[in-house]
Amino acid sequence: MANRGPSYGLSREVQEKIEQKYDQDLEQRLVDWIVAQCGGNLERPQMGRENFQKWLMDGTILCRLINSLYPRGKEPIKKIPDTQMAFKQMEKISQFLQAAEAYGVTTTDIFQTVDLWEGKDMAAVQRTLMALGSVAVTKDDGHYRGDRDWFHRKAQGYRREFSQEQLRQGQSLIGLQMGSNRGASQSGMTGYGMHRQIM
């Protein structure tokens, strides 16, 4: 984590709210999936938000994870250097994020590099990994390893086909969204600017 002093006031309240979104049970499920997906030679971290962050912080595990979702020879991250230099580790995290977006994770589900590197929003990291797992299960291309019940399948588009006759009939209907004129009359209405005459 970066060398930051303690936060006070509103900054502290915001950080506490962000930290409350972190899910310990989800952390365990994500660790189980990452170990199953990347192979059994990964060492599991101790439970806890900070340990989970340290486990993923250098970017190597994330790069191995995204590469394992592709067939051999078509991995998006060709070289995963083992380095202790901070900017290289952050570069690996950003390579993972770009590869995850190319894989199908929506931009709104992707965390920022500092969320992981500085531990600012580990719940966002969890959301990205959940979205990646969901896309992998939905693709069903044989590269996903792990329990399929860990993630939800993403909804697929359902395309409807209508004949020209059906389309023509639809143009002559007034949908109920437009309202209805049943029971409407103009009794009691006066023209603009005219005073109502009472009899």
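Which residues touch the most other members of the largest nonpolar core? Ile34, Leu56 and Leu129 do, in a core of 43 residues. A nonpolar core is a set of buried Ala, Val, Leu, Ile, Met, Phe, Trp, Tyr and Cys residues joined through side-chain atoms within 4.5 Å. Elements giving two or more residues to this core are helix 2, helix 3 (49-56), helix 4, helix 5, helix 6 (113-117) and helix 7 (122-139). Helix 7 provides the largest share, 10 residues.

The model is predicted: local features need pLDDT of at least 70, side-chain atom pairs count only at pLDDT 80 or more, and totals for chains, interfaces and linings use all residues. Residues are numbered from 1 along each chain as its sequence is written, and side-chain values use heavy atoms, with hydrogens and water left out. The predictor's confidence in each residue is given as pLDDT, from 0 to 100. The chain averages a pLDDT of 81, and 80% of the residues score at least 70. Among the elements of the chain, helix 5 (residues 86-103) has the highest mean pLDDT, 91. Helix 1 (residues 9-20) has the lowest, 68.

The chain holds 8 helices and 0 strands. Both are DSSP runs numbered from the N terminus (helices: H or I, at least four residues; strands: E, at least two). Along the sequence the pattern reads α-α-α-α-α-α-α-α. Of the 199 residues in the chain, 35% are buried. Buried means under 20% relative accessible area, exposed over 50%, and partly exposed in between (1.4 Å probe, protein chains only).

Thr107 sits in the loop between helix 5 and helix 6. Thr107 counts as exposed, at 55% relative accessibility. Thr107 and Thr128 are 21 residues apart in sequence. In space, their C-alpha atoms are 9.5 Å apart.

Salt bridges were then counted. The rule asks for a side-chain nitrogen of Lys or Arg within 4 Å of a carboxyl oxygen of Asp or Glu. The count comes to 4 salt bridges. One of them joins Glu118 and Lys120, at 3.7 Å from N to O. Glu118 is buried, with a relative accessible area of 18%, whereas Lys120 is partly exposed at 34%. Another joins Asp121 and Arg127, at 4.0 Å. Asp121 is buried at 15% relative accessibility, and Arg127 is partly exposed at 45%. Glu165 and Arg168 also meet in a salt bridge, at 3.3 Å. These two residues lie 3 residues apart in helix 8 (residues 164-171), so they are separated by about one helical turn. Glu165 is partly exposed, with a relative accessible area of 42%.

Empty space was examined next. Rolling a probe the size of a water molecule over the atoms shows where empty space is left. A pocket is an open set of points on a 1 Å grid over the protein atoms alone, where a 1.4 Å probe fits, with protein on both sides within 12 Å along at least five of seven lines; lining residues have an atom within 4 Å of a point. The second largest pocket holds about 250 Å³ of space. That volume is the space filled by probe spheres set on the points, which are joined across faces, edges and corners. Helix 2 (24-38) and helix 4 (60-68) are the elements that give two or more residues to the lining of the second largest pocket. Helix 4 gives the largest share, 3 residues. The lining has 13 residues, and Asn67, Ser68, Arg72, Glu75 and Arg145 lie nearest the pocket's centre.
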